[in-house]
Amino acid sequence: MKSKHLLLAIILVLSLSLVACKKDKTTTTQKQETTTIEDKPTTEDVSTTKEANIQFYMEENVELLKYDRYTINYTLIGTDDAITWTSSDEGVATVNGGVINGIEVGECVITASIHGITLSLNVKVNNNISYPVLVLSDTECMPRVGGEIEFSAYVFFNNQEYHDAELVWSSSNTEIATVNNGMIKGISTGECKILVNTTFNGVKLQEEISVTVVNNPA
């Protein structure tokens with residue numbers, strides 16, 4: 001009888017040992033799976049992938065006339081960020097937002113950079129027999145004291161009108177007449193000049209309006 005009891009005890013101990021070993025193996029497997037799931041790409045990996053998708057193409061050679069403008073043809077895919085434009089010689093040509101202004105006869109290089117991509121454009125500026133002109137709606141003005149007359153101006157060049165030039169209006173004598181964005185107002189009787197200045201593709205232009213302020217009728 002004692003032998004039978006001893007045999008049962010041995011079988012029970014072996015069974016408990018096998019169950020304990022099986023639990024240890026299951027725990028190890030679960031930890032390994034968790035590590036695999038949490039292995040995510042870093043921020044640097046995402047940034048690198050984004051920039052690899054950017055495509056930037058631009059023409060390589062351009063010729064334009066002195067004082068003229070030229071809009072660069074380019075294709076940018078994969079980003080809405082701004083391009084950085086530079087000129088190797090702003091005395092020959094300047095660039096702003098992809099628009100080249102011919103300043104003087106000569107050659108230079110326009111460079112465009114974005115997200116580590118840099119492209120170059122060879123620019124040649126040729127002589128131009130045309131010259132930009134500032135055109136006024138009128139050259140004489142006769143407002144009454146307290147009265148107002150509106151004037152306008154634009155740049156004419158290469159048979160085209162340019163109405164986007166930034167105009168600076170000023171009076172030679174504000175005690176006689178003032179001006180605000182082309183609106184001339186008579187202050188007191190007398191004569192003065194209204195000056196209109198602008199810069200078009202590096203060329204400074206100026207015109208003037210002769211003003212005579214008269215009294216109101218009695």
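Modeller: A salt bridge is counted where a side-chain nitrogen of Lys or Arg lies within 4 Å of a carboxyl oxygen of Asp or Glu. The model is predicted, so local features need pLDDT of at least 70 and side-chain atom pairs count only at pLDDT 80 or more, while totals for chains, interfaces and linings use all residues. Residues are numbered from 1 along each chain as its sequence is written, and side-chain values use heavy atoms, without hydrogens and water.

By the salt-bridge rule the count comes to three. Asp-164 and Arg-69 form one of them, with N and O 3.2 Å apart. This pair links distant parts of the chain: Asp-164 is in the loop between β14 and β15 (168–171), Arg-69 is in strand β3, and 95 residues separate them. Strands here are DSSP runs of E with at least two residues, and helices are runs of H or I with at least four, numbered from the N terminus. Asp-164 is exposed, at a relative accessible area of 54%, whereas Arg-69 is partly exposed, at 30%. These words have cut-offs: buried is under 20% relative accessible area, exposed is over 50%, and partly exposed is in between (1.4 Å probe, protein chains only).

The side chains of Lys-66 and Glu-104 also meet in a salt bridge, again given as N to O, at 3.2 Å. Lys-66 sits in the loop between β2 and β3, and Glu-104 in the loop between β7 (99–102) and β8 (106–114), so this pair ties together parts that are 38 residues apart in sequence. Lys-66 is buried, with a relative accessible area of 12%, while Glu-104 counts as partly exposed at 35%.

In the remaining pair, Glu-208 bridges to Lys-193, with the closest N and O atoms 3.6 Å apart. Glu-208 is in strand β19 (residues 203–213) and Lys-193 in strand β18, 15 residues apart. Both are partly exposed: Glu-208 at 38% and Lys-193 at 32%.

Now for a charged residue without such a partner. Asp-68 is in the loop between β2 (61–65) and β3 (69–71). Asp-68 is buried yet has no salt bridge, and the nearest side chain of opposite charge, that of Arg-69, is 6.9 Å away. For charge, Lys and Arg count as positive and Asp and Glu as negative, while His and the chain ends are not counted. Leaving aside neighbours within four places in sequence, Asp-68 is in contact (heavy atoms within 4.5 Å) with Ile-100, Asn-101, Gly-102, Phe-157, Asn-158, Tyr-162 and Asn-201.

Strands pair if DSSP finds at least two bridges between them. β13 pairs with strand β14 (residues 160–162) in the antiparallel sense over three bridges, and Phe-156 has Glu-161 as its bridge partner in β14. Two residues lie between the strands of this hairpin, where Asn-158 takes a positive phi near 50 degrees. β13 also pairs with strand β10 (residues 133–136), antiparallel over four bridges, and there Val-135 has Tyr-154 as its bridge partner.

Asn-126, in strand β9 (residues 117–126), touches Glu-63, Leu-64, Leu-65, Lys-66 and Val-105, not counting residues up to four places away in sequence. Asn-126 counts as partly exposed, at 23% relative accessibility. The side chains of Asn-126 and Glu-63 are joined by a polar contact of 3.0 Å.

As a setting for these details, the protein chain has two helices and 19 strands. Buried residues make up 28% of its 218 residues. Of the contacts with a separation of 6 or more, 55% are between residues 24 or more positions apart.

Notes. A polar contact is a pair of N or O atoms within 3.5 Å; within protein, one must be able to donate a hydrogen and the other to accept it, and residues adjacent in sequence count only if both atoms are side-chain atoms.
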